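The sequence and the structure are shown first, and a description follows.

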Amino acid sequence: MACILHIDTSTDVCSVAVSEDSHVIFEQEDHTGPNHAEQLGTFVDEALSFTDNHAIPFDAVAVSGGPGSYTGLRIGVSMAKGICYARNLKLISVPTLELLCVPVLLRELVEEDALLCPMIDARRMEVYAGIYDRALHEVRPVGADVVTAETYKQWLDERPVYFFGGGAQKCMEAISHPNAHYIDGIEPVAKWMQPLAERRLLNGQTEDVAYYVPFYLKDYVAKMPKKLL
């Protein structure tokens, strides 16, 4: 198995965790933010000191890649890339919306045929959302949605859909479909990255440290002339 440093700064929560052989052995969280610029460096130093003191070598750094806060993602990705360069480690990107699904799958009773709709709050009645089945297969790609009573109707007419994350409050106000279910208190936190990051590392799904960018810059970079990259 592997030892992975996990970093999430995609929302107001700042969190760092270390997992080894599928177990979380270190975690720090700050829910009073956004305090990423102040807290992240301290949390990472504590995590590195913990593993160094226990002679545990890292295999990779996993970072939440968005969608989420522009500033938060930039701080988290910069820290992750710096550690990868300094320690010659692999970089793993974990989509924030998949990360939000992990505590739901582990702690909630969700029907076998249900769909999961994690959401990150954007502006006005907009959210970033994706739709997944219980195996985290993508049913609908991540996109920016304007929430109305009709936004997710095609899926709600077929089976239960669970809405959660920072943008779910907007759905509660707009969607009253009998198949719509809402779960409160779900936030992206580094300790939940462990199963997603380990699976990506096992499958060789790592990033190019030099060219990796968070979610909000992917389209911009994709359109740049290759000679500028």
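Which residue takes a positive phi in the hairpin of β2 and β3? That residue is Asp21, with a phi near 50 degrees, in a hairpin that has 2 residues between the strands.

## Basis of the description

The model is predicted: local features need pLDDT of at least 70, side-chain atom pairs count only at pLDDT 80 or more, and totals for chains, interfaces and linings use all residues. Residues are numbered from 1 along each chain as its sequence is written, and side-chain values use heavy atoms, with hydrogens and water left out.

## The five-stranded sheet

Helices (H or I, at least four residues) and strands (E, at least two) are DSSP runs, numbered from the N terminus. Two strands pair if DSSP finds at least two bridges between them. In this model, 5 strands form an open sheet with mixed pairing, in the order β3-β2-β1-β4-β5. Strands β3 and β5 (90-94) stand at the edges with a single partner strand each, so one side of each is left without a neighbour in the sheet. Neighbouring strands of this sheet are turned by 15 degrees against each other on average, direction ignored; the axes are lines fitted to C-alpha atoms, for helices over the stretch in contact, and angles run from 0 to 180 degrees between N-to-C directions.

Strands of a sheet pair through backbone hydrogen bonds, either parallel or antiparallel. Here β1 (residues 3-8) and β4 (residues 60-64) pair in the parallel sense over 4 bridges, and Val63 in β4 is the bridge partner of Ile7. Strands β2 and β3 run antiparallel and are joined by 7 bridges, with Cys14 opposite Asp30 in β3. Helix α6 (residues 194-202) lies across β1, β2 (14-20), β3, β4 and β5, and runs at about 130 degrees to β5; contact means heavy atoms within 4.5 Å.

## Aromatic pairs

Rings of Phe, Tyr and Trp (its six-membered ring) pair if their centres lie within 6.5 Å; planes under 30 degrees apart count as stacked, over 60 as edge-to-face and the rest as tilted. The structure holds 3 aromatic pairs. In one of them, Phe26 and Phe50 are tilted, at 5.6 Å centre to centre and 35 degrees between the planes. Phe26 belongs to strand β3 (residues 23-30) and Phe50 to helix α1 (residues 36-53), so the pair ties together parts that are 24 residues apart in sequence. Phe26 is buried at 13% relative accessibility, whereas Phe50 is partly exposed at 23%; buried means under 20% relative accessible area, exposed over 50%, and partly exposed in between (1.4 Å probe, protein chains only).

Tyr152 and Phe163 also form a tilted pair, with 5.4 Å centre to centre and 55 degrees between the planes. Tyr152 lies in the loop between β8 (138-146) and α4 (153-156) and Phe163 in strand β9 (residues 161-165), so this pair ties together parts that are 11 residues apart in sequence. Both residues are buried, and ring pairs link Tyr152, Phe163 and Tyr182 into a cluster.

Asn53 lies in helix α1 and is exposed, with a relative accessible area of 67%. Asn53 and Asp184 are 131 residues apart in sequence and 38 Å apart in space, C-alpha to C-alpha.
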